[in-house]
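These are my notebook entries on a few local features that I looked up in one model.

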Amino acid sequence: MQDKTMTFSIGDDHSQRMKVLLGVIYDALVEKGYNPINQIVGYILSEDPTYITTHNNARSIIRKLDRDELLQELVRDYLRDRTTGKPAE
């Protein structure tokens with residue numbers, strides 16, 4: 001039996017939307033005095049929305065984002081330079 005690897009792709013519009021929404025969440029956390037990186041990582045690892053402030057509706061916004069897609073986009077962006085400026089695939 002041959003195992004085939006399924007591929008997964010997120011469209012550019014969806015990617016841009018996630019980036020904008022994550023920026024809103026980041027700004028809300030900063031405004032409330034939290035370390036936004038630590039809080040967002042806490043949410044991604046635990047899926048516990050209490051890591052995200054309710055300020056500016058940030059908690060509601062992050063719950064609309066798929067954690068797996070968000071993590072994939074973050075890794076892709078982090079590795080962008082390794083792929084000569086193109087998104088990692």
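I looked up Asn-56 and found it in the loop between H2 and H3, where helices are DSSP runs of H or I with at least four residues, strands are runs of E with at least two, and both are numbered from the N terminus. Its phi is near 55°, a positive value in a residue other than glycine. Asn-56 has a relative accessible area of 46% and is therefore partly exposed; on this scale buried means under 20%, exposed over 50%, and partly exposed in between, with a 1.4 Å probe and protein chains only.

Before going on I noted the basis of the values: this is a predicted model, in which local features need pLDDT of at least 70 and side-chain atom pairs count only at pLDDT 80 or more, while totals for chains, interfaces and linings use all residues. Residues are numbered from 1 along each chain as its sequence is written, and side-chain values use heavy atoms, with hydrogens and water left out.

I then turned to Glu-47, which is found in the loop between H2 and H3 and comes just after H2. Glu-47 has a positive phi of about 60° although it is not a glycine, and with a relative accessible area of 46% it counts as partly exposed.

How many salt bridges does a search of the whole structure find? I noted three, a salt bridge being a side-chain nitrogen of Lys or Arg within 4 Å of a carboxyl oxygen of Asp or Glu.

- Glu-47 pairs with Arg-67, the closest N and O atoms being 3.4 Å apart. Because Glu-47 lies in the loop between H2 and helix H3 (58-64) and Arg-67 in helix H4 (residues 67-78), the pair ties together parts that are 20 residues apart in sequence. Arg-67 is partly exposed at 24% relative accessible area.
- Glu-73 pairs with Arg-76, with 2.7 Å between the closest N and O atoms. The two are three residues apart in helix H4, so about one helical turn separates them. I checked both for burial: Glu-73 is buried, with a relative accessible area of 13%, and Arg-76 is buried, also with 13%.
- Asp-77 pairs with Arg-80, the closest N and O atoms lying 3.1 Å apart. Asp-77 is partly exposed at 37% relative accessible area, and Arg-80 counts as partly exposed at 23%.

Next I went back to H2 (residues 36-46), whose buried residues are Pro-36, Gln-39, Ile-40, Gly-42, Tyr-43 and Ile-44. At its N-terminal end I found Asn-35 as the cap, with a side-chain oxygen 3.1 Å from the backbone nitrogen of Ile-37.

My last entry concerns H2 and H4, and I asked which residues of the two helices meet. Tyr-43, Ile-44, Leu-45 and Ser-46 in H2 meet Arg-67, Leu-70, Leu-71 and Leu-74 in H4, where contact means heavy atoms within 4.5 Å. The axes of H2 and H4 come within 10 Å and cross at roughly 130°; axes are lines fitted to C-alpha atoms, for helices over the stretch in contact, and angles run from 0 to 180 degrees between N-to-C directions. H2 and H4 are therefore oblique to each other, given that angles under 35 degrees count as roughly parallel, over 145 as roughly antiparallel, 65 to 115 as roughly perpendicular and the rest as oblique.

Conventions. A polar contact is a pair of N or O atoms within 3.5 Å; within protein, one must be able to donate a hydrogen and the other to accept it, and residues adjacent in sequence count only if both atoms are side-chain atoms.
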